[in-house]
Structure formats: structure tokens, C-alpha cells
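User: I'm new to this one. Can you walk me through it?
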Amino acid sequence: MELIEAARAGDLDSFGKLCERYYAPMVAVAYNVLRDHQLAEDAAQEAFARGLVSLRRLKEPAKFAPWLARICRNAAVDMVRNRPRQVSAEDLLRPEDCPAEESMAEIVREAIAKLPASLREVTILRYYNDCSYEQISAVLGLSKMTINGRLTRAKRKLAKDLRRYGVLGDML
Amino acid sequence: MKADDNSKKLDGLIRSAIGRGSLRFDFQPWQRDHQGQIDEFKSQAVAGSDSGASAPGLARRIMIARLSKLVVAAMILVAVLIGVSRFTGSFDGTTAAYAKVTEAVRNVPWMHIRYTGYDLDKQGNKVHAEGELDSEIWYSFNAQIVIQRFFFSGSIIYYDYAKQQVHTYNPHSKRIVLSALSDNRLPVQADSPWSWVQRNIRAMTPCGGEVTRRAGQYHGQDVEVFEIAATRPGMAAICGKIFADRTTFLPLAEERTYIATDTGKTQTVETGTFDYPEHGPTDIYALGLSRDTPTVNSLPLPPWWEISSAYESHRSKVPAERYIAVVTRQMHIGGDPVDTVDVFYVDGLHYREERHFVFHTGFIGEQWQQQAGEVGTTFDSIWKWSRAYKAYGDISVRLLEENHYYESRRGQNGSWSATERTLGDRELTRDDFWNMCPVFKLGWPDIWGEAEVIQDDYARENHLIRLEVQRGVFYLNPDRDYLCQRRIIHPDDRTEDVTEFGQTDDGRWYPRKVKDGGLTHTIYLETHPELPEGIFDPNRLPRAAR
């Protein structure tokens with residue numbers, strides 16, 4: 001809270017510390033929208049820029065992280081709008097050109113993409129760069145219990161989906 | 001046990017599929033890339049702006065950052081002057097006394113003002129490092145020179161009005177850029193330093209401002225004290241004092257305090273001390289720059305912030321009250337398939353956007369062959385195709401109405417689903433809609449950070465203006481509404497070229513074809529079209545069959 005207050009009062013260094021603290025979760029939030037590592041980092045940095053300019057309009061400093069996450073989601077959505085859909089190399093490769101490992105990763109990514117939005121965001125925050133429950137809780141404004149519940153549900157759904165591809169054995 | 005193993009295996013699979021490992025954020029390069037926003041953030045403190053107005057555009061940000069420094073630095077002296085000049089009669093002898101101050105200032109060879117200051121948080125603590133806001137200004141009214149130096153960033157701007165030139169030193173690129181200074185292009189359309197500062201202030205005088213004069217002391221010296229107070233709607237109130245020598249009538253110092261209108265608390269305090277040397281910096285090198293500093297001559301072009309201002313004014317101009325924009329994205333692989341079709345409908349404050357994915361991933365060739373004939377290559381054919389929702393891939397239709405968002409989406413299983421949300425407390429405007437349209441982003445992309453005007457052969461041969469920023473290079477076409485004709489994006493130097501141009505009936509230019517590596521965007525912009533009935537009606541969005 002002190003950092004947030006100091007940043008709101010104009011201390012750029014404090015804002016820099018906040019950026020460092022929330023960079024990883026913000027990249028994960030953006031990745032959830034963009035599915036592209038580089039663009040996700042760009043979106044997080046863009047979110048910081050938008051956040052800085054709007055910082056003095058933040059009404060509840062205690063909700064800084066969820067507020068920044070909203071900005072980050074919007075920045076990512078804007079990037080999607082700007083560049084309708086990235087056709088990745090995978091899209092253009094014929095199936096037989098795909099290495100087996102890449103295919104498995106793709107299957108998992110597809111399964112994650114099919115998760116309901118609320119479960120998908122928590123999953124990406126948790127696994128994209130190993131955000132702690134505390135970090136996820138701060139960014140999403142949810143209790144740790146809720147996060148744990150969502151992660152459990154997400155993993156159940158993923159396991160169910162992946163079993164169809166023979167990637168996993170019995171139910172979790 | 002098996003479930004436990006599977007759980008671990010699942011963790012591993014997810015991590016290997018999407019895991020990125022630890023990420024580090026380096027604030028220093030971020031600051032360099034976002035100087036415009038940082039300046040704006042700082043200027044908010046100076047201005048005390050706490051309004052909920054929408055974020056200003058790039059050039060406005062640049063101008064706010066630049067002009068706020070110009071304005072605040074030169075403000076008090078002339079504010080008093082203007083304030084007094086608005087009174088026709090003498091009151092309290094102020095008019096006559098200040099005329100002497102004005103005359104004295106005009107007659108000195110050089111006037112040098114050293115500024116320092118600080119911002120305060122709500123508890124009254126200083127929030128800037130020592131010296132962070134320090135700057136200086138040199139004026140020579142006879143030589144028609146104005147120089148600004150910002151000590152913290154190291155940037156220097158040397159205006160030579162007699163030669164109609166400006167030298168700008170950029171501490172990041174460590175280069176000097178020489179640009180043209182033209183009367184009608186200066187941000188405030190001034191033709192001399194004096195009228196420049198006057199015009200800066202003129203915008204502020206409608207806010208009122210009462211000038212008073214009294215005898216006082218400054219550092220033990222008897223002085224004339226001129227005071228002015230002005231309240232600017234939505235911004236901080238300003239209280240300023242200028243202390244002038246009672247014999248020479250030359251200003252000795254000024255003090256300026258910005259007070260938050262909502263809390264009544266002081267936000268910013270700035271002071272300037274004056275001196276009047278016989279000689280001043282005769283060129284930019286006299287301010288400590290090495291004569292070996294690389295210099296780029298961009299004459300006869302104006303400095304980048306003036307170009308950005310023109311760019312922004314064209315960029316933000318909505319093409320019409322009512323328009324349809326259709327944007328196709330074509331991939332240059334076998335058969336040159338169109339991947340997506342975006343359709344934007346705008347009528348005043350009504351907005352609808354559609355995205356049609358023409359085929360499913362993995363069925364490009366087969367499905368494009370089936371669609372190509374119907375999609376066609378004209379506005380009419382593509383638009384008609386979009387109205388029939390014939391895409392094989394996903395389709396989304398979104399409406400924005402006041403602060404409501406409606407979306408209908410057709411997924412891979414072919415059924416429609418609808419969502420509705422409230423967007424918060426800000427109502428959308430025509431400008432917002434234009435900002436969301438890809439025509440805007442393809443034709444007039446964001447130009448972030450400090451820029452320099454550095455021409456190359458391509459720019460010269462095509463009569464373009466080349467702006468170089470840290471994240472890329474932009475070639476603007478001043479003959480076509482400052483449209484960005486070429487963009488090179490660092491670090492991979494991806495090039496985006498406008499290869500064809502279109503023009504609306506009203507004469508507005510727009511990019512007709514934009515080539516971006518292996519992709520081509522084609523834009524069809526129809527202004528003042530007849531719109532289908534109910535196109536903005538949320539109750540008539542495509543929905544699942546009941």
C-alpha cells in the first residue's frame with residue numbers, strides 16, 4: 001500500500017517497484033488473451049504505461065492489482081483488435097510436419113483454451129510463470145480458497161479432456 | 001497413488017505447454033520507451049488534473065509535456081503582464097509599474113531564469129528527487145533566442161527565431177537535430193519569443209486572475225511584489241509572485257504555487273531566480289555539448305513535436321458521422337486466402353463491429369476455394385457475404401451502446417451464444433469508435449516516446465517525413481493527411497507498407513492496402529452509407545435458434 005500511495009503521489013521509483021512486482025502476473029493475464037509470449041510482454045508493458053497515466057484516477061488503492069489487471073486485459077484485447085489473428089507457424093504446418101512434443105503441447109494448449117474463462121485465467125496465472133496463490137489472489141481480487149477451488153476444477157476438466165487423447169491415465 | 005502421479009504429470013504437461021519460467025522486468029528501459037507517459041504523469045501533478053476525462057492522444061501528451069514546461073517556465077512574468085493589460089484603467093498604479101518591468105526586461109541583452117521545484121503528496125511530503133524538476137531558460141529578445149534545458153533528462157532545445165531554426169539535443173540518442181522554425185507551425189503560432197509566451201498565457205487568462213502590486217522585501221532587498229492568482233477549471237489554482245527590483249524594475253525572482261482545487265492543498269511549488277548576463281549561449285554547444293556531437297540536419301522540416309501535432313490532428317479526425325469500414329486480411333500462401341473479414345458500422349454514437357473467420361484452421365485450401373467466389377474483392381461483395389454469416393470459422397458481432405456491450409458469437413459447433421456487459425461509468429464517444437477501427441491503427445499507428453526527424457533516401461524520394469523513435473521508424477505522408485506510409489518495427493525490423501491509398505468523398509485519405517510481411521490488409525471505407533435497418537439493435541443480433 002505504501003508503494004501505491006507513493007506512486008500515486010508521483011514517486012516514479014515506487015511505480016517501478018510495483019511494475020517489477022506485478023510484471024509476471026500481468027504477462028500471464030495478457031497471455032490468457034493473446035496466446036503469444038512476446039505480445040503478452042508488450043501488453044503488460046503497455047498496461048503499465050496506461051496505468052501510470054491513470055494512476056491518480058485510481059479510486060481504491062487497495063485494489064491496485066485487480067485494477068492493473070483490468071487495464072492489462074484491455075491492452076491485450078486492443079492488441080488482438082489491432083492484429084485480428086496471428087497465424088502462427090503451427091497453423092501453417094501440415095500435421096505431419098509437427099514434432100510429436102509440439103503436438104502434445106498443442107493439445108494441452110487447446111484444452112486450456114477450452115476452459116471456461118474464469119478457470120483458464122487462474123490456470124494460466126498459476127502455470128505460466130508460477131505465480132503464487134498470494135499473487136493470483138492480489139491480481140484477481142479473489143480469496144485463496146476460491147483460487148484453489150478454481151484450479152482444482154480446471155485441472156479436473158483438463159485431465160478429462162486430455163484422457164481422450166491418451167495423454168493421461170485415470171481421473172485425478 | 002495413480003491419481004497423484006497423474007496430477008504431477010498434468011502439472012508438468014501444463015507447464016511445458018504454456019510455462020514461461022521466471023520473468024524479470026527492467027524499469028530503466030521501460031522508462032526510456034515511455035517518456036511521453038511519464039511526462040504526462042508528471043504534468044498531471046503540475047496541473048493538478050484529476051478529471052475523469054479520456055486519455056489524451058499522443059500529440060496531446062507530447063504537447064502537454066512540452067508546453068507545460070514552456071508555459072510554466074515563462075508564465076508568471078507574462079501572466080502578470082497580460083493580466084494588467086486587460087485592465088484599461090490604472091488600478092493601484094499596477095499598470096504603470098508593470099510597464100516599467102516589461103520595458104526593463106526588453107532592454108537587457110539576456111535574461112536567464114533558473115527554475116527548481118518539487119511536488120507534494122497529500123501528506124505534504126516531497127515526492128521528487130532533488131533536482132529532478134530543475135530547468136533553465138535563456139531569453140534574448142534582441143537576438144530572438146529562447147533556450148530551454150532540462151537538467152534531469154539532459155535535453156536541450158535551442159530556438160533561434162532570427163534564423164527560424166531549432167536545435168534539439170536528445171540525450172537518449174545523443175544527437176542534435178536541426179529543424180525549421182516557422183511562424184505558422186509553432187505550437188502556439190507565435191512569431192517571436194515575446195508573442196510566443198504571450199500566446200501561451202492567453203489561453204489561461206479566461207480563467208481570471210487578479211493582479212495586485214505592493215511593496216515588499218526579497219532576501220532583505222526592497223522590491224515591488226506583483227501577485228496573481230488564477231483558477232483554471234478542472235485544474236489546480238495558481239498563485240504566483242514576482243519580485244522586481246525597485247530601481248531597475250528587473251524581476252529578481254518568481255514563486256509559483258499550484259493548489260488542488262478539491263482539497264485546497266499545495267501540490268507543487270516552483271521558484272525561478274533571474275539574472276541578466278551580458279552574454280548568453282550563442283549556440284547549443286555553449287551549453288556544454290561537445291562540438292563532436294552528431295548532428296542531423298532535417299531542414300526544412302519542423303521539429304518532431306510539431307509534426308506529431310499535425311499527425312495527431314489528422315489521426316483523430318473521424319472520417320464521417322456515419323461510415324462502414326470493411327477490412328480483409330489476406331495471407332500470402334497458396335491461393336492467397338482471406339483469413340478474416342472485419343466489418344465496422346458507425347453512426348454517431350452507435351457502433352457495431354463484426355469479425356468473420358473465413359475458414360477453420362487446418363482447412364484453409366479447401367474452405368477458401370469454396371468461399372473465394374462469394375467473398376469477392378469489392379466492398380459490395382464482401383459486405384453482402386458478411387451479412388449472410390457464411391464464414392466457416394468463428395463469427396463475433398459486437399455492439400457498443402452508451403456503456404453497454406453486447407456480443408453474439410458463433411463458435412465451432414455452429415451455434416450462437418450471447419453475452420452482455422456494462423462497460424463501467426464512462427460513456428463512449430465517436431472518437432473511441434474511430435480509435436477501435438483498424439483503419440485508424442493501420443493508417444495512423446501510435447508513435448511512442450521521443451522522436452527525431454531524420455530523413456533518408458526513401459523519405460526524400462517519396463516526399464515523406466521520417467520519424468525515428470526507439471521502437472521503430474515511421475514515414476509520414478504530409479500530402480495525404482500525414483498517413484503513416486511505412487513503418488519499421490524494432491527489434492525484428494518488420495516492415496509495414498501502405499501500397500495503395502483510398503480517398504473518401506470528403507477528401508479524407510486512408511490506407512487502401514497495407515502489406516505487413518506475408519499479410520495484406522485491404523480496406524474499404526464507405527462514408528455516409530445507407531445502413532441496414534436494426535443494425536445497431538441488440539435485440540436483433542444473431543442468436544441461437546430457440
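User: Where in chain A is confidence lowest, and where is it highest?
Analyst: This is a predicted model, where local features need pLDDT of at least 70, side-chain atom pairs count only at pLDDT 80 or more, and totals for chains, interfaces and linings use all residues. Residues are numbered from 1 along each chain as its sequence is written, and chains are lettered from A and ligands numbered from 1 in the order in which they are written. Confidence is lowest in helix α5 (residues 89-92) of chain A, at a mean of 29. It is highest in helix α2 (residues 12-34) of chain A, at 89. pLDDT is the predictor's confidence in each residue, from 0 to 100.

User: What is the mean pLDDT of chain A?
Analyst: The mean is 77, and 80% of the residues of chain A reach 70 or more.

User: Which residues stay under 50?
Analyst: Residues 84-102 of chain A do.

User: New topic. How many helices and strands are in chain A?
Analyst: Nine helices and zero strands. Helices (H or I, at least four residues) and strands (E, at least two) are DSSP runs, numbered from the N terminus.

User: How do α2(A) and α3(A) cross?
Analyst: The axes of α2(A) and helix α3 (residues 37-54) of chain A come within 8 Å and cross at roughly 130°. Axes are lines fitted to C-alpha atoms, for helices over the stretch in contact, and angles run from 0 to 180 degrees between N-to-C directions.

User: Which residues of α2(A) meet α3(A)?
Analyst: Among them are Phe15(A), Tyr23(A) and Leu34(A). On the α3(A) side, the residues include Leu39(A), Ala43(A) and Phe48(A). Contact means C-beta atoms, placed from the backbone, within 7 Å.

Methods: Two residues are in contact if their C-beta atoms, placed from the backbone, lie within 7 Å.
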